[in-house]
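Here is a short briefing on charged side chains that pair up. Look at the model first, then read the points below.

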Amino acid sequence: MLEELHIRNVALIEEAWIEPGPKLTVLTGETGAGKTVLLSALKLIMGERADTALIRTGADAAQIEAQWAGETVATRTLNVSGRNRCTLNGELVNVGTLADTLGPTVDLHGQHDHQALLRPATHATLLDAWGGAQLAEKAAAYRSAFAAYREAVKAQEHLQAHLTKSAEEVELGRIALAEIKRIDPQPNEDDELAAILPALQNAEAFSEALGEAVEALRGGESRGDGGAQGASGAVDRLAHACNVLSAVTEHDARLAEVAKIIEQAMLDLEDAGATLRDYAAHVEHNEDKLEETLTRLGALDGLKKRFGPSLDAVLERRSELEAALTVTEDSDGALARAEAEVVATHDTLKAAATAFHDARVEVARTFVKELRAGVISLDMEHATFEVQCTLRDIEQFSAESPDTVEFLYRPAPNAQLRPLAKIASGGEISRVMLALKGVLGAADLAQTLVFDEIDAGIGGATATAIGRRLAMLAGDKQVIVVTHLAQVAAFADTHYVVRKTERSNRAADDTTTEVATTVERVEGDAREAEIARMLSGETSQAARTHARELLVEAQTR
């Protein structure tokens, strides 16, 4: 949702701030005041191609800044040289990024720019979203069938490519598989052998170090004399310290704490000694096993160099070669099975596509009925619509749809059906878009809807109906409308007036008149006066009374 639009030096606007409300916002003002300039500025911030003619006369650059809900902030500066500078949340971006990021959030109606509903590529998605659960199951079945069919075709193509390999290539694969099988690598075997290699290579040094460490802990015990005759070790000395202290700890609690610390250290050292003795018992002085380990690691490294780089890659290569040779030895059977899978998934896809297409056609009938009812009240009682769903050949199916879907429009019974983009009148296209938006509801992902020229050539009860429809649409979307009709403006929750003003610029030898556009939010008496002006061109008491009645009627909608 657009929260704020700040415009500087665009056309006749020197500077303007607009804060559209979350519901219905209208822009009013006399013809030529510059209302559509505001929409031009909005198009620029959404990434539309820029024209330097939009830069205010005498200014070096035009600048537009916009803020969306969620604290998304975008700026675009257009210099007289034609260069653009765009930012999104403070980071420099190109115009395309603005279009991709912000374009989908705003739909403009009145000109043929930024109107997602005019692009047939969006129509299938919109119809499916509107159809809801009625189409969701059929769509899921189709997309699953499409994925299975494409996978079957891919597998068949891969098999055919494999079977076209030369006899020499097949024999090379057979030799490679035989080499891998001869060595027969096991998962993680290289890592496990590398882990025990240091102990095998340094067995003697390990034994000496472990013996000295154990002797240091328990003295003569390491030489098998139970420690009775050998040199005193660290554990024995700590035990002696504990015995000495035990005689005096009852007289001083602090010494008792020290004794506990020494006792714990003695226990830890005994555990360490036990661990070292166990480790020493498993140190192997085995030259044959060392040689065997080195030889095995060399063989595994050779495999990794040829088929790796890792042992996992070697094992994967073995599986691939086994599967390939199995296929080669049973090529006729494998090809028959692949072809049968393609045929089966083809038939499943065809059935799923037909079911999806038929469901879309059924949903489309209801959709156009609701759309027809929506335009009748908008002074378009002769207009009709059609959703054209055309089932394509299977080779032209896409992952999302088997159909081409397009919304078509007929302005009168004897007129030709034509695409929405071919509607010539700005007012007519705006009213069609209003009806479409009303029917699509939540299926339309655009958060902000902007209508220009929606009231062209209408008035009276039809204008009131359009105002009421816009107000209803604004219950779910942010709606911004440029209008000349008081009946439409009266339904607004937020009202801005665009005015053209003149001011004199006095120089030493000349006086010139400068025209500028200002934008002002109106409420209360000021809004009542603007509605009165729109009704009768004046703000007399009678006009104000009429305006007040219109506002009261609209606000009780």
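Arginine 296 and glutamate 189 join their side chains in a salt bridge, with N and O 2.6 Å apart. A salt bridge here means a side-chain nitrogen of Lys or Arg within 4 Å of a carboxyl oxygen of Asp or Glu. The model is predicted: local features need pLDDT of at least 70, side-chain atom pairs count only at pLDDT 80 or more, and totals for chains, interfaces and linings use all residues. Residues are numbered from 1 along each chain as its sequence is written, and side-chain values use heavy atoms, leaving out hydrogens and water.

**Arginine 296 and glutamate 189**
- Arginine 296 sits in helix H10 (residues 287-307) and glutamate 189 in helix H6 (residues 189-201), so the pair ties together parts 107 residues apart in sequence.
- Helices are DSSP runs of H or I, at least four residues, numbered from the N terminus.
- Glutamate 189 is buried, at 13% relative accessible area.
- Arginine 296 is partly exposed, at 23%.
- Buried means under 20% relative accessible area, exposed over 50%, and partly exposed in between (1.4 Å probe, protein chains only).

**Glutamate 362 and arginine 365**
- These two side chains also form a salt bridge (2.6 Å, N to O).
- Both lie in helix H12 (residues 331-376), three residues apart, so about one helical turn separates them.
- Glutamate 362 is partly exposed, at 39%.
- Arginine 365 is partly exposed too, at 46%.

**The whole structure**
- A search of the whole structure finds 18 salt bridges.

Definitions and conventions
Helix = DSSP H or I, 4+ residues; strand = E, 2+ residues; numbered from the N terminus.
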